[in-house]
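Subject: Structure for your files

Hello,

Here is the structure I said I would pass on. My notes on what was found in it follow below.

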Amino acid sequence: MEAFGLLVYGFSVLLTWKILALMMVGLVLGIFVGVLPGLGGPNGVAILLPLTFTMDPTSAIVMLSCIYWGALFGGAITSILFNIPGEAWSVATTFDGYPMAQQGRAAEALTAAFTSSFIGSLVAVLLITFLAPGIASFALRFGPPEFFAVYLLTFCSFVGLGREEKHKTVISMALGLLLTGVGMDTVSGQLRMTFGFDDLLRGINFLVAVIGLFGISEIMLTMEERLALRGHAAKISLRVVLKVWKEMPRYWVTLLRSSAIGCWLGITPGGAIAASFMSYNLAKRFSKDKESFGKGRIEGVFAPETAAHASGTSALLPMLALGIPGSGTAAILLGGLMVWGLNPGPLLFVEHKGFVWGLIASMYLGNVVGLVLVLTTVPLFAAVLRVPFSAIAPMIVVSCAIGAYAIQNAMFDIWLMLLFGVVGYVFKKIGIPLAPFTLALVLGNRAEDSFRLSMIGSGGDMRVFWSNGLVGSITTLALVLLFWPLLAGGFARLGRLVKDRKGPA
Amino acid sequence: MPKTETEIVVEDPTAPASDSPAVTTNRTADVVVSVLLLAFAALLAYDNWRTGLGWDSTGPQAGYFPFYLSVILAGACLWGIAKEFLARKAAAETFVTRDQLRRVLQVFVPTLLFCFLMQWLGLYVASFLLIAGFMVFVGRLAVWKSLLTAFLFSLIMFVTFEIAFDVIMPKGPLESLFGR
């Protein structure tokens, strides 16, 4: 059990007072942003990233990932008490969570949500612990063509499997990739797409873009909604917690199935949203008592929460092992890693053992501490919602500005942030997805470099992407996924044709 | 069963009315954005063509990769525009209503002002003005509460970033008065 020994080593990196204190701060801040209207995982991490710039990488990533866990926990609070999903993936939690709160069973619903989130994350972290090192050491054999093929696979699966309109995903991705090319070309040193602006020489900073896209635009989107809300306050007593925990083992099939769905969709860029809906629907389908779903059934809280958190956590697996984030938030965390000069990917496991295992250990610890924290402090955080949004909005704007400016000490970045804020607002309203945009922004440079390196290696022969079994199968899989909707449609038609022909005979 | 259920109620006095007239539809916004992006793609394609999109001794030139991306972007935009014009859907969704636009501008314009002011007054003074102004004029909250919140928040930010973490922000006359 090599992983086990390394994990113990990870805990030893982690167990200092400073890091434990940062963890608590991160969790509290995370729950805070998770509870606040219009803010959630990616926004919270994007806005709070600048706080960590002056820390050492391990403390910083521990704090950031704790913000993320906190935000995931916090999202459930608003879904259950106020019927307002803090995140798209908490929508399914409201189906049964809010009715439970209406029936005076808010404490039960919250306990169920937190505990199942914890279980989902735990399964995903176990997966990361035992799978990530293997994948990383396998990926050490990758050369530029293999890496480009993996990037291509990521992009293509977004287009082929995403729920958004295909051309909109392509627009979002192409734009993101283009913007990463602005500035000095890393291979030839030539300037491109700068149009003579000195400020563009440095290129467009990923974090500035993300702060605008997720922070500023989210404020505008939240402002245009009706912000009045009413909900239930809840206090969780130990008795309720124990009661729910005693009931829990009865639903082990649901929990296990939801964890599996979450892990799978988290690793592939399917995402937590799909995972939570899918596992809710499956729980409903396999239940003997389908009618009771949507009317306050505890299983209806277990299923989506487990899946959402399993998926949110396992999205970090490809990020750590391959340097490819499985979700928007993972992409932002990845951007954070790069700020500290860490190059995410297989080499991380070799070169920065303390960092990687510290992070993995912090996932265990963060989730345990987070669970205890939310269970004990729910009333406090629910009260946060009493703070009017008109006080919170300008504070978030200020935090965004500080973050955007701090990255490169440039006023230009503040304007860029505003521009991205408007872009994010418009894109979200007309249904151009932001996740592929974020992903393209963070992966763009490396995708281009690996493409050009493979081209240099092969002397410009595209066949390099089919030069051996490994790279060939990844490239082919990428193309299949890209055209998946067409292929699936074709197969369906073919199937019908065959049936029709058989039918009359 | 917990019996401590109390309701949390938050009011929103300036909420946008649900029957506010639409400023524009999603379809119009969609087409406008596509056209803008198409122009942007054309501009970038031209620039990359100028940079060089062929091959030289070091492999693909600097403009090669981005040039084809701008072609893909342009293609996707054209596809989107064509789709909008071919689809004859009568009922188009509202992009933004007049009330909603008013609210969005209520946050966007102050933010813009804040960014301008930051250059002369420094970030911390500008943030005090933004928070206090926003709470008083947009949120219609009590003046003393707003001033106090704004002051405390700016102070905490100053202590956290300027003193504890040594992150340098734009500063104005007030900070130089304190010798920072």
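**Around A:Trp466**

Leaving aside its neighbours within four places in sequence, A:Trp466 is in contact with A:Val471, A:Gly472 and A:Thr475. Please keep in mind throughout that this is a predicted model. A:Trp466 lies in the loop between α20 and α21 (469-482) of chain A. With 15 other C-beta atoms within 10 Å, A:Trp466 is partly exposed. The C-alpha atoms of A:Trp466 and A:Ala149 are 9.6 Å apart, although 317 residues separate the two in sequence.

**Helix pairs within chain A**

Helix α20 (residues 435-458) of chain A also takes part in a helix pair, with α15 (residues 328-339) of chain A: their axes come within 9 Å and cross at roughly 25°. That angle makes α15(A) roughly parallel to α20(A). The crossing of these two helices is left-handed. On the α15(A) side the contact is made by A:Gly328, A:Ala331, A:Ile332, A:Leu334 and A:Gly335, and on the α20(A) side by A:Ala435, A:Thr438, A:Leu439 and A:Val442. Sorted by class, the residues of this contact are six nonpolar, three polar and no charged.

A second pair is formed by α6 (residues 106-139) and α17 (residues 353-384) of chain A, whose axes come within 10 Å and cross at roughly 175°. α6(A) is therefore roughly antiparallel to α17(A). From α6(A), the residues that meet α17(A) are A:Leu110, A:Thr111, A:Phe114, A:Phe118, A:Ser121, A:Leu122, A:Val125, A:Ile128 and A:Thr129. Their counterparts in α17(A) are A:Ile360, A:Met363, A:Tyr364, A:Asn367, A:Leu371, A:Val374, A:Leu375 and A:Val378. The contact of α6(A) with α17(A) has 13 nonpolar residues, four polar and no charged.

**Between the chains**

On the interface, 70 residues of chain B are in contact with 65 residues of chain A. The elements of chain B that give two or more residues to its side are β1 (7-10), α1 (26-51), β4 (59-60), α2 (64-86), β5 (94-97), α3 (98-121), α4 (123-138) and α5 (143-164). The largest share of that side, 11 residues, comes from α3(B). By class, the side of chain B that touches chain A has 45 nonpolar, 17 polar and eight charged residues.

One helix pair spans the two chains: α18(A) and α4(B) pack at an angle of about 160°, with their axes 8 Å apart. They are therefore roughly antiparallel to each other, and α18(A) passes α4(B) in a right-handed crossing. α18(A) brings A:Ser390, A:Ala391, A:Ala393, A:Pro394, A:Met395, A:Val397, A:Val398, A:Ala401 and A:Ile402 to the contact. α4(B) meets them with B:Leu123, B:Ser127, B:Leu130, B:Ile131, B:Phe134, B:Met135 and B:Val138. This contact has 14 nonpolar, two polar and no charged residues.

**Core**

The largest nonpolar core has 222 residues. Those with the most contacts inside it are A:Ile80, A:Leu110, A:Ala174, A:Ile211, A:Met417, B:Leu73 and B:Ile131. A:Leu110 is one of the α6(A) residues that meet α17(A), and B:Ile131 is one of the α4(B) residues that meet α18(A). Not counting residues up to four places away in sequence, A:Ala174 touches B:Leu69, B:Ile72, B:Leu73 and B:Ala76.

**Loop residues**

A:Asn409 is found in the loop between α18 (389-408) and α19 (411-429) of chain A. Its phi is near 50°, a positive value in a residue other than glycine. A:Asn409 counts as exposed, with 11 C-beta neighbours inside 10 Å.

In chain B, B:Arg140 is placed in the loop between α4 and α5. B:Arg140 has a positive phi of about 50° although it is not a glycine. With 12 C-beta neighbours inside 10 Å, B:Arg140 counts as exposed.

A:Asn205, in the loop between β2 (191-192) and α9 (206-223) of chain A, counts as buried, with 21 C-beta neighbours inside 10 Å. Apart from neighbours within four places in sequence, A:Asn205 is in contact with A:Ile407, A:Gln408 and A:Asp413. The C-alpha atoms of A:Asn205 and A:Trp245 are separated by 46 Å, the two residues being 40 residues apart along the chain.

Regards

Conventions. Residues numbered from 1 in each chain as written. Chains lettered and ligands numbered in written order. Predicted model: local features only at pLDDT ≥ 70, side-chain atom pairs only at ≥ 80, totals over all residues. Core = buried A, V, L, I, M, F, W, Y, C linked by C-beta atoms within 7 Å. Buried ≥ 20, exposed ≤ 12 C-beta atoms within 10 Å, placed from the backbone. Contact = placed C-beta atoms within 7 Å. Axes fitted to C-alpha atoms, helices over the stretch in contact; angles between N-to-C directions. Helix = DSSP H or I, 4+ residues; strand = E, 2+ residues; numbered from the N terminus. Parallel < 35°, antiparallel > 145°, perpendicular 65-115°, else oblique. Left-handed = near helix turned anticlockwise from the far one by under 90°. Nonpolar A, V, L, I, M, F, W, Y, C, P; charged D, E, K, R; others polar.
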